[in-house]
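Here are my notes on the model, as numbered points.

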Amino acid sequence: MGIENMKMPQLGESVTEGTISKWLVSPGDTVNKYDPIAEVQTDKVNAEVPSSFTGTIKDLIADEGDTLEVGEIICSIEVEGEGSAPAEETPKEESKKEADETQSAPKTNAPSKDSGNKARYSPAVLKLSQEHDIDLNQVEGTGNGGRITRKDLKKVIESGNIPKAGEAQAPKAEAPAPQQAPVKEQAVQQPAKQSAPAANVPVVPGDIEIPVSGIRKAIASNMVRSKHEAPHAWTMMEVDVTNLVDYRNSLKTEFKQREGFNLTFFAFFVKAVAQALKEYPQINSMWAGDKIVQKKDINLSIAVATDDALYVPVIKNADEKTIKGIAREITELAGKVRSGKLTSQDMQGGTFTVNNTGSFGSVQSMGIINYPQAAILQVESIVKRPVVMNNGMIAVRDMVNLCMSLDHRVLDGLVCGRFLQRVKEILENTSKENTSVY
């Protein structure tokens with residue numbers, strides 16, 4: 001017999017943590033490999049986590065509602081044969097040993113290569129640090145890449161030696177107690193502060209306090225990360241889509257009867273963006289620290305909202321699909337989101353995001369980039385406006401604003417302007433004579 005540890009899996013590209021929303025097993029339950037053992041929420045997906053082993057659940061390390069980083073242990077399973085650890089040694093004891101080994105390791109004042117990772121904290125870590133007034137700059141993490149975990153903060157709290165902002169840690173003659181989390185010396189370059197303390201909001205009779213769900217915390221964390229790390233720039237272009245509107249309206253009833261799903265305006269916009277990305281591949285890129293990665297595949301993330309969350313499922317290889325094929329995928333992915341059947345596979349691989357903000361009447365907005373992508377395009381509401389034509393006459397036309405947010409580390413205004421001009425050209429030339437939806 002042996003003990004195997006189940007770790008928090010990575011349920012999507014750029015996902016760094018997940019929240020245990022519900023345990024599907026209890027200690028003592030027998031599970032087979034691939035049986036679902038927990039439901040996990042991230043900022044991108046709500047998914048069931050399958051067991052990696054066949055055996056008996058020994059210990060649930062994480063509680064429901066806990067947010068853990070990818071790679072942290074969530075439970076232990078007793079399996080037949082030789083395991084990765086002796087049966088009598090629990091994961092908690094292993095964690096303690098690892099912490100002790102970390103404490104005995106030599107420290108240096110030089111920032112490590114992973115110092116960027118240390119500056120990013122999970123919502124659970126931020127909450128604990130704010131509740132106990134802990135200066136995270138003085139805590140050394142034992143997580144992946146030196147990141148600070150909840151267990152590190154709990155050890156600091158239990159030790160009673162809580163580092164405060166502005167206080168240097170006095171050297172000690174004796175070695176620290178085994179349960180005490182290591183406290184790092186002040187680095188030459190302090191990491192940037194990631195989050196301000198929670199506001200002290202007075203609650204009066206009649207106010208409603210709404211607990212923040214795991215997925216809302218994850219969304220908040222990812223949005224803060226995107227705004228903090230990516231220098232956002234913004235640009236907008238207006239497009240005359242009168243011919244497109246006439247063409248789509250002439251097809252929509254017959255299309256719905258024949259295909260069984262709607263031919264939306266959004267499908268035309270997604271197809272135009274995919275075509276323009278193929279011609280301007282610089283836009284289809286990501287920032288990777290010391291390099292820019294220009295992605296080969298054009299996989300378009302589309303934002304789909306529910307009452308309390310926002311998901312970004314992906315249309316894979318959108319440039320190879322027809323307008324009909326894109327319309328089908330939009331319908332299927334939106335249906336999965338609203339029925340709770342979206343999988344982590346549906347969320348992975350996105351290279352550029354298109355957001356249909358016009359669906360609720362918006363005419364101008366600035367989107368937050370879907371990290372680590374380099375840009376996001378907001379397709380606003382199509383509205384009828386008087387427009388001065390080339391012959392000087394005024395006519396009522398169907399107009400739409402395309403609003404683009406870009407990561408200025410990766411992209412400059414020139415290439416983004418040309419990209420938007422190309423999207424505009426494709427849309428303004430969409431008509432019965434020039435365009436097929438099949």
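1. Tyr-34 sits in the loop between strand 3 (30-31) and strand 4; strands (E, at least two residues) and helices (H or I, at least four) are DSSP runs, numbered from the N terminus. Tyr-34 is not a glycine, yet its phi is positive, about 80°. With 60% relative accessibility Tyr-34 counts as exposed (exposed is over 50% relative accessible area, buried under 20%, partly exposed in between; 1.4 Å probe, protein chains only).

2. This is a predicted model, in which local features need pLDDT of at least 70 and side-chain atom pairs count only at pLDDT 80 or more, while totals for chains, interfaces and linings use all residues. Residues are numbered from 1 along each chain as its sequence is written, and side-chain values use heavy atoms, with hydrogens and water left out.

3. Strand 4 (residues 36-41) pairs antiparallel with strand 2 over four bridges; pairing requires at least two DSSP bridges between the strands. Ala-38 is the bridge partner of Trp-23. Five of the seven residues of strand 2 (residues 17-23) are buried, so this strand is largely enclosed by the rest of the structure.

4. The peptide bond from Tyr-371 to Pro-372 is cis, with omega near 5°. Pro-372 lies in the loop between strand 16 (352-355) and strand 17 (375-379).
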